[in-house]
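Visitor: I have a structure to look at and some questions about it. Could you take me through them one at a time?

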Amino acid sequence: MNSKYFFPITAFVLVLIMVIYFLSHPSYEKSLESKYYYEMGDYNKAYKSANEAFSMDLYNRMAATIMAQSKTALKYVKYIDEAKKYMLDINEIANKTTISDADRAKINMMSEIVVDSYTKLAPSVMTNKSLVNEAKKYHDNFEKLLEKVNR
């Protein structure tokens, strides 16, 4: 009967000690903060906060993971922003009454940059699916545009 309660109580006490350590250690507090920023989509703040947490404690795996995930997400954000900018430039060119050979070459170059940049992106399991889907959408649109321009 005594051992019936001993193991669950011991396990509970150990888990409680781990939770208190986790919440009171500054490195893990920063990790939780960075996780919050990551989940909110503020990848710059998440990366900076995770980097601070990791520099406090090199064994903080949560900080290392969030730092890596934030870096990946920032690559996707940069890709999407670049694709949007190029799409606006291409729309300006397309609104002209005639499209010159120089404009076609510009469109071709911008499309190739976006298509080639996509191959350098490597999503992980934890990468925000909406970022991955939006990047893929831009990639597919620019691939179609590249095919039309190269005809």
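This is a predicted model: local features need pLDDT of at least 70, side-chain atom pairs count only at pLDDT 80 or more; totals for chains, interfaces and linings use all residues.

Visitor: Is T98 buried or exposed?
Guide: The relative accessibility of T98 is 60%. A residue has to be over 50% to be called exposed. T98 therefore counts as exposed.

Visitor: How many Å apart in space are T98 and K148, C-alpha to C-alpha?
Guide: Along the sequence, T98 and K148 are 50 residues apart. In space, C-alpha to C-alpha, the separation of T98 and K148 is 16 Å.

Visitor: How many helices and strands does the chain have?
Guide: Reading along the sequence gives the pattern α-α-α-α-α-α. The count for the chain is 6 helices and 0 strands.

Visitor: Is the chain a compact globule or more spread out?
Guide: For 151 residues the globule rule gives 15 Å. The radius of gyration of the chain is 24 Å, well over that value. Along its principal axes, the C-alpha trace spans about 90 × 30 × 20 Å. Because its radius of gyration is well over the rule, the chain is, next to a compact globule, more spread out.

Visitor: What percentage of the residues in the chain is buried?
Guide: Buried means under 20% relative accessible area. Of the 151 residues in the chain, the buried share is 30%.

Visitor: What angle do the axes of α5 and α6 make where they cross?
Guide: Helix α5 covers residues 101-119 and helix α6 covers residues 129-149. Their axes come within 9 Å. The crossing of the two is left-handed, and its angle is roughly 145°.

Visitor: How many residues of the contact of α5 with α6 are nonpolar?
Guide: The contact includes I107, V114 and V115 of α5 and F142, L145 and L146 of α6. Among its other members are R104 of α5 and K136 of α6. By class, the contact has 4 charged and 3 polar residues, and the nonpolar ones number 9.

Visitor: Which residues does N108 contact, leaving aside neighbours within four places in sequence?
Guide: N108 lies in helix α5 and is one of the residues that make the contact with α6. Its relative accessibility is 18%, so N108 counts as buried. With its neighbours within four places in sequence left aside, N108 is in contact with L146, V149 and N150.

Visitor: Which residues does S117 touch, not counting those up to four places away in sequence?
Guide: S117 also lies in helix α5. Its relative accessible area is 19%, so S117 is buried. Not counting residues up to four places away in sequence, S117 touches Y79 and E82.

Visitor: How many nonpolar residues are in the contact of α4 with α6?
Guide: Helix α4 covers residues 61-94 and packs against α6 at an angle of about 35°, with the axes 10 Å apart. The crossing is left-handed. Among the residues that meet are V77, I80 and M87 in α4, and L131, Y138 and F142 in α6. The contact has 2 charged and 2 polar residues, and its nonpolar residues number 15.

Visitor: Is E134 buried, partly exposed or exposed?
Guide: E134 is found in helix α6, where it touches I80 and K84, not counting residues up to four places away in sequence. The C-alpha atoms of E134 and V77 are separated by 9.6 Å. At 25% relative accessibility, E134 falls between the cut-offs of 20% and 50%. E134 therefore counts as partly exposed.

Visitor: How far apart in space are A46 and I66, C-alpha to C-alpha?
Guide: A46 is found in helix α3, residues 43-56, and at 0% relative accessibility it counts as buried. Leaving aside neighbours within four places in sequence, the contacts of A46 are S34, Y37, Y38, I66 and S70. A46 and I66 are 20 residues apart in sequence. Their C-alpha to C-alpha distance is 7.3 Å.

Methods. Residues are numbered from 1 along each chain as its sequence is written. Side-chain values use heavy atoms; hydrogens and water are left out. Axes are lines fitted to C-alpha atoms, for helices over the stretch in contact, and angles run from 0 to 180 degrees between N-to-C directions. Helices (H or I, at least four residues) and strands (E, at least two) are DSSP runs, numbered from the N terminus. A crossing is left-handed if the near helix is turned anticlockwise from the far one by less than a right angle, and right-handed if clockwise. Contact means heavy atoms within 4.5 Å. Ala, Val, Leu, Ile, Met, Phe, Trp, Tyr, Cys and Pro count as nonpolar, Asp, Glu, Lys and Arg as charged, and the others, Gly among them, as polar. The radius of gyration is taken over C-alpha atoms; the globule rule is 2.2 Å times the number of residues to the power 0.38. Buried means under 20% relative accessible area, exposed over 50%, partly exposed in between (1.4 Å probe, protein chains only).
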